Amino acid sequence: MKVVACYSMKGGVGKTATAVNLAYFAAKSGQRTLLIDLDPQGASSFYFRVKPSSKKWGDRFFKAYKTLVKNIKASDFENLDIIPAHLSFRNFDAMLGDLKRRENRLKRVLKGFKHEYDLVILDCPPSIGYLSESIFIASDVVLVPVIPTTLSERTFEQLVLFFKDKKYPLKKIVPFFSMVQAQKSLHKATMEAMSTRRKVFLKTTIPYSSDIEKMGQHKAPVDLFARSTRANAAYIKLWAEISKKHL
């Protein structure tokens, strides 16, 4: 079982759209996939039309694998299950702060799924704290969408420095350019500079597209309502590149 975290310290970079579309294509390819929506905003759960439990259960999330199992919901797609977000997840950092061996808590509970799933995808909130550290330790790949702008470049470099400071394996960080507008000179220049400096960027880029924005309107991955578009082709290519190189 592999664990892929869709993560960025910065919000609004296409993280949830990536998690949703990759989970969909992974399941479609035959991978038994579990998408865990760790972001209390619950966007990826919403995109798959999965509602969270009405009962507050975030305070038990890191205590036992069995608790997570009870909250798994089936999606409309074969091979794809979802643990939807709950508003109580907003307290994860405070909860982990009170626990011993907090860094390994997520890794420990996810181990319980190793015979049931081939792939776990984590849709992570845009923050850095105890939860983020537990995500970095539990994940095989930390997939980072980067909008090619100065601010996103700065945020990405901060993440790299954080990994170095904590001595986490840098090879876990797998960035790719997201929401790219090729006609913008700033985007082109930033992509060239970052790709030259950091050879780890994936070749696939995700374009800025109104079809991706419409995922909320359709409550579905792009493939279901805009199959013959550049955005969908990009996500197909992204899944192919990640599965070939990193899974």
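How many disulfides does a search of the whole structure find? The search finds zero. A disulfide is a covalent bond between the sulfur atoms of two cysteines; here the term is applied to a pair of cysteine sulfur atoms within 2.5 Å.

The model is predicted, so local features need pLDDT of at least 70 and side-chain atom pairs count only at pLDDT 80 or more, whereas totals for chains, interfaces and linings use all residues. Residues are numbered from 1 along each chain as its sequence is written, and side-chain values use heavy atoms, with hydrogens and water left out.

Two cysteines illustrate the result of the search. The cysteine sulfur closest to that of C6 belongs to C124, and it lies 7.1 Å away, which is too far for a bond.

Helices (H or I, at least four residues) and strands (E, at least two) are DSSP runs, numbered from the N terminus. Seven strands form an open sheet with mixed pairing, in the order β3-β4-β2-β5-β1-β6-β7. Its edge strands are β3 (73–74) and β7, each of which pairs on one side only. Two strands are said to pair if DSSP finds at least two bridges between them.

Strand β1 covers residues 2–6, and four of these five residues are buried, so the strand is largely enclosed by the rest of the structure. Five bridges connect β1 with β5, and the two strands run parallel; K2, for example, has L119 of β5 as its bridge partner. Strand β1 also runs parallel to β6, to which three bridges join it. Here A5 stands opposite V142, and the bridge partner of C6 is L143.

Strand β6 is mostly covered, since six of its six residues are buried. In a regular strand the side chains alternate between the two faces of the sheet. In β6, V141, L143 and P145 point one way, while V142, V144 and V146 point the other way, and all are buried. Five bridges link β6 to β7 in the parallel sense, with V142 standing opposite I173 of β7. Elsewhere in the sheet, strand β2 (residues 33–37) pairs with strand β4 (residues 80–83) in the parallel sense over four bridges, and L35 has I82 in β4 as its bridge partner.

Attention now turns to helix α11, which comprises the 17 residues 230–246. The expected span of a helix is 1.5 Å times one less than its number of residues. For α11 this gives 24 Å, and the end C-alpha atoms are 24 Å apart, which agrees. The buried residues of α11 are A231, N232, A234, Y235, L238, W239, E241 and I242. An α-helix has 3.6 residues a turn, so residues three or four places apart point the same way. The elements covering the buried residues of α11 include strands β5 (119–123), β6 (141–146) and β7 (173–177), together with helices α1 (15–28) and α9 (210–213); this covering is judged by contact, meaning heavy atoms within 4.5 Å.

Is S132 buried or partly exposed? At 2% relative accessibility, S132 counts as buried, and its place is in helix α6 (residues 130–138). Apart from neighbours within four places in sequence, S132 is in contact with Y7 and S127. The side chain of S132 reaches the backbone oxygen of S127 at 2.8 Å. This is a polar contact, a pair of N or O atoms within 3.5 Å; within protein, one must be able to donate a hydrogen and the other to accept it, and residues adjacent in sequence count only if both atoms are side-chain atoms.

S29, by comparison, lies in the loop between α1 and β2 and counts as partly exposed at 46% relative accessibility. Its side chain reaches the backbone oxygen of A26 at 2.7 Å.

Definitions and conventions: Buried means under 20% relative accessible area, exposed over 50%, partly exposed in between (1.4 Å probe, protein chains only).
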